[in-house]
Amino acid sequence: MEHTTHHEKKSFFEKYQTPISIVIAGLFIAGAIVFTKMMPERQPAAQSGGQAQTEQQVRAQMIDAAKASGAPKKEFAACLDSKSKEGAVNDAVALAGRSGVQGTPTFFVLKDGKQFEVVGARDEATFLKAIADGKAPADQPESPKAEKIVLSETDHLMGPKDAAVTIVEYSDIDCPFCKKAKPTIDKILKDHPEYAFVYRHSPIVQLHPFAAYKAQAAECAASTGGETAFWKFMDIVAK
């Protein structure tokens, strides 16, 4: 009985599978190159309200906010473009680290010579109870030991300097939880004018690429328009 070997019985695909595979792969690569060239070039951008923003767009927004807050437009723009406040914001970030800040918003309450933390966007009742008790909320995990908060002339202070209760907030202008906490803090301060409030920058650029830039803009609003302009600017950009 005659036996035909496997090599003699190769099918057409078996004979030409390698060349065919090379041709198919080439077609896929060529198609990918054409598709890539048809796609628009993407630039690094921050997300705001579901839309990508460029630095020029954010700059325009900051200038509009400064103008609305009462800061002189020309001087503000010069300050922002010079990046003269970059060092001040970097110093604030370093201070936040030494204070044990691990996220935003983080509030330090200074009362009776002591300090404690209220972390996150807590409701009004929880925040007021913490102040009354003189300690962090019971459901709040213990934070690493923080450096003692010392107020300085460079702080943005609202309220009496000798207040019995001072709330120090470390915040990121673009942080959604900071925005959520703002109405609560505003109401507490309105209901308790005897309290003092201090705002300190703690931008998290890994999450919010323009947060440090906006913090610099806030400092420019303060230096060109004064503290009144700073607080109005913050009401506009941090709401």
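Student: Which residues are linked in a network of salt bridges?

Tutor: First the idea: a salt bridge is a side-chain nitrogen of Lys or Arg within 4 Å of a carboxyl oxygen of Asp or Glu. Here, Glu-124, Lys-187 and Asp-191 are joined in a network of such bridges. Before we go on, this is a predicted model: local features need pLDDT of at least 70, side-chain atom pairs count only at pLDDT 80 or more, and totals for chains, interfaces and linings use all residues. Residues are numbered from 1 along each chain as its sequence is written, and side-chain values use heavy atoms, with hydrogens and water left out.

Student: How many salt bridges does a search of the whole structure find?

Tutor: The search gives 10. One of them joins Lys-129 to Asp-133, with the closest N and O atoms 2.6 Å apart.

Student: Why are Lys-129 and Asp-133 separated by about one helical turn?

Tutor: An α-helix has 3.6 residues a turn, so residues three or four places apart point the same way. Lys-129 and Asp-133 sit four residues apart in helix α5, and that's about one turn. You'll find this spacing again in helix α6, where Asp-186 and Lys-182 are four residues apart and their side chains meet in a salt bridge of 2.9 Å, N to O.

Student: Is Lys-129 buried or exposed?

Tutor: We go by relative accessible area: buried means under 20%, exposed over 50%, and partly exposed in between (1.4 Å probe, protein chains only). Lys-129 comes out at 53%, so it's exposed. Now look at the salt bridge between Asp-174 and Lys-214, which is 2.8 Å from N to O. This pair links distant parts of the chain, 40 residues apart: Asp-174 is in the loop between β6 and α6, and Lys-214 is in helix α7. Both Asp-174 and Lys-214 are buried.

Student: Back to α5, then. Which residues of α5 are buried?

Tutor: Thr-126, Phe-127, Ala-130 and Ile-131 are the buried ones. Looking down the axis of α5, they fall within an arc of 135°, so they line one face of the helix. That arc is taken from the directions running from the helix axis to the C-beta atoms. On the face turned away from the buried side, α5 carries the exposed residues Ala-125, Lys-129 and Ala-132.

Student: What covers the buried residues of α5?

Tutor: The cover includes β3, β4, β6 and α6. Contact means heavy atoms within 4.5 Å. Helix α5 packs on the sheet, touching β3, β4 and β6, and its direction makes about 35° with that of β3. For such angles, axes are lines fitted to C-alpha atoms, for helices over the stretch in contact, and the angles run from 0 to 180 degrees between N-to-C directions.

Student: What order do the strands of the open sheet have?

Tutor: Strands of a sheet pair through backbone hydrogen bonds, either parallel or antiparallel. We call two strands paired if DSSP finds at least two bridges between them. This open sheet of five strands goes β4-β3-β6-β7-β5, with mixed pairing. β4 and β5 are at the edges with a single partner strand each, so one side of each has no neighbour in the sheet. From one strand to the next, the twist averages 20°.

Student: Which strands pair in the parallel sense over six bridges?

Tutor: That's β6 and β7, with Ile-167 standing opposite Phe-197 in β7. By contrast, β3 and β6 pair in the antiparallel sense, over six bridges, and Val-109 has Ile-167 as its bridge partner in β6. β3 and β4 also run antiparallel, joined by six bridges, with Phe-107 opposite Val-118 in β4.

Student: Which way do the side chains of β3 point?

Tutor: In a regular strand the side chains alternate between the two faces of the sheet. In β3, Thr-106, Phe-108 and Leu-110 point one way, while Phe-107, Val-109 and Lys-111 point the other way. Six of the six residues of β3 are buried.

Notes: Helices (H or I, at least four residues) and strands (E, at least two) are DSSP runs, numbered from the N terminus.
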